[in-house]
Amino acid sequence: MLSNDTIRDAVEEYGDILYRTCLIMLKNKADAEDAVQDTYVTYMKKAPDFSDSEHLKAWLITVASNKCRDMLRFRNRHRTEPEEALATLIQPTDDTNILEALMSLPEKFRIVLTLHYIDGYKVEEIAGIIGKSGSAVKMRLSRGRKLLEEIYRKEYMYEIRKAQRFG
Amino acid sequence: MKYEKLKDSAENIKMPDELKTRILDRCSDIAANEKRSGIEHNSDHVSGVERVSSRPVRRTFAAVAACAVLAAGVGTALHFMPGPAYNEPSSDLSEINENTFPEAFSSLLDREFVSNDNESEGFSQEQRNEIKNILSEYEWTEISHEQFFSGAASKPIYMLEVIDGNSMWELDFYEGHHAIFQYIPELPEEDDEEGKESQTLFYSVNSAEIVQRINDMLASAENDAPRPLADITEKPYKEISWSATEALPEEKRVALDEILSNTTFTYNPDCTKVYSFPAYFFTDAEYRDAQSHLEDSADLVYLYNTGVAEVHEAGNTYFYDYDYDTLSRQIDELLFSDRIFTGKDLVCADMLNEDISFHGGKSFEDLQISDESKAKIWEYLSTAKFRKVADSEASLAYISADLKDVYDHDIGFVNYEINRYYDYNHGWSLHFYSCGYLEVADAVNGNGDFTYYIYDPAALDAALRDAIPELSSSYPPFGMLYKMGEIKVNGNVIDEQFKKKLSNVFFGYNYINEVTNDDFRSETPVYTIETDINDRTLTIRTYNDGTVEYNDENGVIHSYDRIGSPETSSEGMINTEIVWAIDPELY
């Protein structure tokens with residue numbers, strides 16, 4: 001079992017990225033908090049031995065995304081969608097429109113785009129994290145990008161242009 | 001598209017300080033409980049058992065904006081020429097016409113990577129063939145993209161994808177009798193934001209019915225999921241229980257196979273997690289040495305004492321209901337006959353006649369029990385069966401089963417304690433954990449002998465309840481939740497396993513002191529638990545100070561103020577045990 005200091009360091013180092021990933025995946029603050037907490041508890045109990053910090057980071061993201069998937073599966077099975085509007089999750093700004101568009105994507109595109117564009121992982125690394133093939137990840141990136149652009153363009157750019165035109 | 005903006009926006013999301021505190025507190029609690037339990041965990045290596053497999057789960061995505069998926073392909077849609085009858089998978093949609101569709105897509109289904117819209121689940125060949133049959137039974141009429149957009153198409157309700165090498169074909173179904181068939185000859189590289197040219201065909205077809213039939217077919221396949229432990233002699237399970245270091249002898253394997261073959265395992269698609277202690281653990285010999293942290297390669301079977309088997313096989317996880325009492329008796333006789341004890345082996349016969357303290361439930365209040373009660377307790381304990389857990393087993397169980405809750409507030413509650421203190425420092429005790437785990441301790445200053453056993457919580461509850469009338473106050477006055485029908489917690493329907501856990505959460509407090517009111521408290525409860533009983537809804541509310549309220553059949557509200565530990569309350573702390581016990585799962 002890991003020491004409290006080790007957990008504290010991991011929370012400080014990777015807490016934001018895990019919370020962000022879980023929040024984007026689950027769209028529910030309380031669920032995201034639970035997923036992150038469970039991830040660290042798993043980390044503490046299993047005390048895995050990693051050769052470098054990147055490996056630890058990837059492991060934590062893998063565990064967290066699996067927990068998110070588990071929670072989504074439960075919601076799906078029981079036909080509950082306790083999703084919250086983005087405005088209730090973070091302070092909205094002009095820039096949060098694209099984040100809102102991302103969060104409106106289906107789950108499989110959401111996780112891939114998040115890992116790639118927000119967390120900076122390459123296709124092969126994402127494939128390792130989510131347990132899919134490189135081709136599948138590439139496809140999801142491609143499809144997800146198109147969906148994201150379209151949603152963003154339709155849902156938000158019109159509003160922005162209208163606001164610019166009519167003040 | 002400026003993805004930098006996306007990154008910048010997302011990076012504004014920071015973990016709340018309260019969450020950091022909560023995580024560190026929880027980890028500290030677990031570590032403290034660990035220390036108290038006296039179990040050391042040397043868990044240097046893990047495998048990917050925490051990976052939750054993605055079985056086919058039907059899901060329709062509701063969030064995609066109208067026509068969003070289509071627009072990418074519309075600009076590059078081609079004119080399609082009539083072509084010959086379609087036999088081989090094509091890499092170009094120009095060969096497809098109304099006479100060759102859906103066969104054109106169906107032929108692609110034999111390719112290696114085929115997925116549905118949820119989690120890239122590969123279809124079996126049987127499923128692929130069934131999909132082909134379904135697709136072929138409908139009339140597909142090609143329409144223009146203008147017709148498509150002018151129709152009722154609004155959002156994809158199902159997606160079928162085929163990836164072969166760097167090419168992808170997809171057949172997406174939309175509401176309003178619409179479908180789209182798209183071909184992407186070359187998948188773009190990861191940073192190619194412009195994308196590659198794609199070809200698109202639009203169809204009018206009874207999409208809703210097709211999707212329904214595919215979903216029904218997949219659901220049916222789930223119900224036919226492989227039976228756990230079938231033909232165990234052919235499987236790589238060489239270890240029985242949690243940490244046996246030797247392979248199971250061949251004759252035992254054969255006998256175990258026969259027992260398991262005669263056990264009925266009923267697939268339970270609604271179960272997603274078990275909140276209890278695995279009584280038996282099967283895995284292959286390589287498991288403990290697994291080095292990979294990111295792969296889910298281990299085949300594992302847990303048999304829980306709640307009557308659920310959790311099976312990890314070929315990267316998938318399945319849950320099954322089974323008769324725990326019958327199977328455990330048979331397994332114990334076959335494999336653990338040398339580890340079965342009765343209370344007479346664990347407890348000195350006249351121990352209960354000594355000056356003991358008995359703690360019932362979670363209130364940690366000493367109960368003064370009569371000699372008659374002591375005699376009844378002994379009557380049960382002396383003949384009850386306990387299976388000893390080897391020292392090394394607990395450690396591996398802990399690692400493998402992800403038992404985060406065992407030593408915490410929920411299944412880790414000590415339901416009953418019998419303590420004998422020889423002097424201030426030296427004590428002897430039986431701690432019966434609600435999860436079915438008995439700790440027998442003979443310790444001086446917390447150090448000494450700790451041995452662990454599996455016991456039957458339901459039988460012990462019944463025996464103690466019969467022996468000690470005062471314990472009836474430990475049973476929640478609104479009833480045991482696991483006996484009720486559909487239960488919602490904060491609006492979410494919970495599954496049967498969570499229902500059992502929730503029953504445990506509320507069991508064991510002292511419900512004697514109650515106040516009745518005409519209405520619930522005005523403040524917002526942390527948890528609202530609801531279930532329909534006859535013609536009314538039973539509502540149980542828990543507040544963040546530990547208070548529990550429920551409505552009876554006459555509409556009267558019964559309130560139990562900070563039920564739980566008076567010791568804790570006397571230290572000025574607010575008892576929030578119930579809130580925390582539920583907390584990590586549903587908040």
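## Cysteines, rings and a sheet

C68(A) is buried, with a relative accessibility of 0%. Here buried means under 20% relative accessible area, exposed means over 50%, and partly exposed lies in between, with a 1.4 Å probe and protein chains only. This is a predicted model: local features need pLDDT of at least 70, side-chain atom pairs count only at pLDDT 80 or more, and totals for chains, interfaces and linings use all residues. Residues are numbered from 1 along each chain as its sequence is written, chains are lettered from A and ligands numbered from 1 in the order in which they are written, and side-chain values use heavy atoms, leaving out hydrogens and water.

**Cysteines.** C22(A) is also buried, at 0% relative accessibility. Its sulfur has the sulfur of C68(A) as its closest cysteine sulfur, 3.5 Å away, which is too far for a bond. The search from C68(A) returns C22(A), again at 3.5 Å. A disulfide is a covalent bond between the sulfur atoms of two cysteines. The cut-off used is a pair of cysteine sulfur atoms within 2.5 Å. Over all chains, the structure holds 0 disulfides.

**Aromatic pairs.** Rings of Phe, Tyr and Trp (its six-membered ring) pair if their centres lie within 6.5 Å; planes under 30 degrees apart count as stacked, over 60 as edge-to-face, and the rest as tilted. By this rule there are 17 aromatic pairs over all chains. One of them joins Y43(A) and W59(A): the centres are 6.0 Å apart and the planes meet at 55°, so the pair is tilted. Y43(A) sits in helix α2 (residues 29-46) of chain A and W59(A) in helix α3 (residues 53-77) of chain A; the pair links distant parts of the chain, 16 residues apart. Helices here are DSSP runs of H or I with at least four residues, strands are runs of E with at least two, and both are numbered from the N terminus. Both Y43(A) and W59(A) are buried.

Y511(B) and Y560(B) form an edge-to-face pair, 5.4 Å centre to centre with 85° between the planes. Y511(B) lies in the loop between α14 (496-506) and β23 of chain B, and Y560(B) in strand β27 (residues 557-560) of chain B, so the pair ties together parts that are 49 residues apart in sequence. Y511(B) and Y560(B) are both buried. Elsewhere, F265(B), Y318(B), Y320(B), Y322(B) and Y324(B) make up one aromatic cluster.

**Charges over rings.** The criterion is NZ of Lys or CZ of Arg within 6 Å of the ring centre and within 35 degrees of the ring normal. R387(B) lies over the face of F336(B), at 4.6 Å from the ring centre. R521(B) lies over the face of Y543(B), at 4.3 Å from the ring centre.

**The sheet in chain B.** 7 strands form an open antiparallel sheet, in the order β22-β21-β24-β25-β26-β27-β23. At its edges are β22 (492-493) and β23 (515-517), each pairing on one side only. Two strands pair if DSSP finds at least two bridges between them.

| Strand pair | Bridges |
|---|---|
| β21(B) (residues 487-489) and β22(B) | 2 bridges |
| β24(B) (residues 527-533) and β25(B) | 7 bridges |
| β25(B) and β26(B) (residues 548-551) | 3 bridges |

The bridge partner of K488(B) is V493(B) in β22(B). D532(B) stands opposite T537(B) in β25(B). T542(B) faces V548(B) in β26(B). The hairpin of β24(B) and β25(B) has 2 residues between the strands, and N534(B) takes a positive phi near 50° there. The hairpin of β25(B) and β26(B) has 5 residues between them; G546(B) in the turn has a positive phi of about 95°. How many residues of β25(B) (residues 536-542) are buried? 5 of the 7 are, so the strand is largely enclosed by the rest of the structure.

**Helices in chain B.** Helix α5(B) (residues 125-136) has 12 residues, which at 1.5 Å a residue should span 16 Å; its end C-alpha atoms are 16 Å apart, which agrees. The expected span is 1.5 Å times one less than the number of residues. Its buried residues include Q127(B), R128(B), I131(B), K132(B), I134(B) and L135(B). Down the axis of α5(B), the buried residues fall within an arc of 165°, so they line one face of the helix. That arc is taken from the directions from the helix axis to the C-beta atoms.

N215(B) is in helix α7 (residues 207-223) of chain B. It counts as buried, at 14% relative accessibility. N215(B) and Y158(B) are 57 residues apart in sequence and 9.6 Å apart in space, C-alpha to C-alpha.
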